[in-house]
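User: I want to learn how to read charge pairs and helix faces in a model. Can you take me through one?

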Amino acid sequence: MRIHGFNKTTLLDYPGHVAATVFTGGCNFRCPFCHNGELVLKPESQPLIPEEEVLAHLKKRRGVLEGVCITGGEPTLQPDLADFIKKLKELGYLVKLDTNGYHSKVLLRLLSEGLLDYVAMDIKASPENYAKAAGCPGLDFSRIEESIGILKNCHIPYEFRTTVVQGLHTVSEFAAIGRLLEGSRAYYLQSFRKDENVIQAGFEAFPEDDMRRILEIVKSYIEEVQLRGIV
């Protein structure tokens with residue numbers, strides 16, 4: 001598998017577990033607020049880390065690390081993703097997948113084969129605003145809906161999450177997002193952070209008061225809702 005980044009220890013990327021994080025390159029979305037601009041737009045410009053090197057390190061860290069988070073870019077673009085996860089499972093690791101959910105059939109296959117222990121799916125915006133937020137005119141929203149349904153009916157922990165961006169989102173559209181995700185187990189609202197690597201500059205975070213208003217809007221639809229990135 002094409003690995004362009006490897007965080008050897010994280011306490012943040014896999015809830016409740018000490019983990020390592022693997023970054024894949026390339027993405028089918030072009031979210032203007034994305035912090036991994038180089039990894040998305042020019043993965044070939046980033047160092048390529050041999051899969052064997054990553055697996056060798058993980059083998060040595062068994063008993064210290066509990067899980068591996070696979071993120072990107074968009075991991076489901078990798079043709080050998082399932083094979084790589086099988087190698088992680090053979091080492092005894094829990095596996096968390098971060099995904100935009102557009103490749104719903106890949107997600108279903110990984111879940112059906114018992115290869116995933118946790119899934120975090122990004123929800124970019126309300127249905128009407130989705131293509132703009134994902135940077136993909138002509139996006140087929142039914143594929144997003146399919147992945148949402150797959151996760152709602154799966155038997156492993158999962159979360160949906162939205163990076164909330166002033167200049168891209170409105171407070172009021174989160175009622176539509178709440179209806180879209182109604183009945184879900186967990187939804188996290190992440191405050192946008194400025195970064196020099198974003199694909200498009202000029203966005204801002206919402207004030208804390210607005211973030212808390214959004215929180216109250218979606219609380220009536222979803223079992224667990226929390227804010228991230230708010231001190």
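User: Which residues are linked in a network of salt bridges?

Analyst: First, the ground rules. This is a predicted model: local features need pLDDT of at least 70, side-chain atom pairs count only at pLDDT 80 or more, and totals for chains, interfaces and linings use all residues. Residues are numbered from 1 along each chain as its sequence is written, and side-chain values use heavy atoms, with hydrogens and water left out.
Now the general idea. Side chains of opposite charge can pair when their charged atoms come close. The cut-off: a side-chain nitrogen of Lys or Arg within 4 Å of a carboxyl oxygen of Asp or Glu. Here the network joins Lys96, Asp98, Asp122, Lys124 and Arg161. One of its members, Lys124, bridges to Asp122 with the closest N and O atoms 3.8 Å apart.

User: Are Lys124 and Asp122 buried or exposed?

Analyst: Buried means under 20% relative accessible area, exposed over 50%, and partly exposed in between (1.4 Å probe, protein chains only). Both Lys124 and Asp122 are buried.

User: How many salt bridges are there by this rule?

Analyst: The count is 13. One of them pairs Glu113 with Lys86 at 3.9 Å, N to O. Glu113 lies in the loop between α4 (104-112) and β5 (118-122), Lys86 in helix α3 (residues 81-90); they are 27 residues apart, so the pair links distant parts of the chain. Helices (H or I, at least four residues) and strands (E, at least two) are DSSP runs, numbered from the N terminus. Glu113 is partly exposed at 40%, and Lys86 is partly exposed at 34%.

User: What separates Arg213 and Asp210 in helix α8?

Analyst: About one helical turn, because they are three residues apart in α8 (residues 208-219). Arg213 is partly exposed at 48% relative accessible area. Asp210, at 18%, counts as buried.

User: Which residues of α3 are buried?

Analyst: Leu81, Ala82, Phe84, Ile85 and Leu88. Seen down the axis, the buried residues of α3 fall within an arc of 160°, so they line one face of the helix. The arc is that of the directions from the helix axis to the C-beta atoms. Their cover includes β1 (3-10), β2 (19-24), α2 (51-60), β3 (67-71), β4 (94-99) and α4, where contact means heavy atoms within 4.5 Å. Just after α3, Gly92 takes a positive phi of about 90°.
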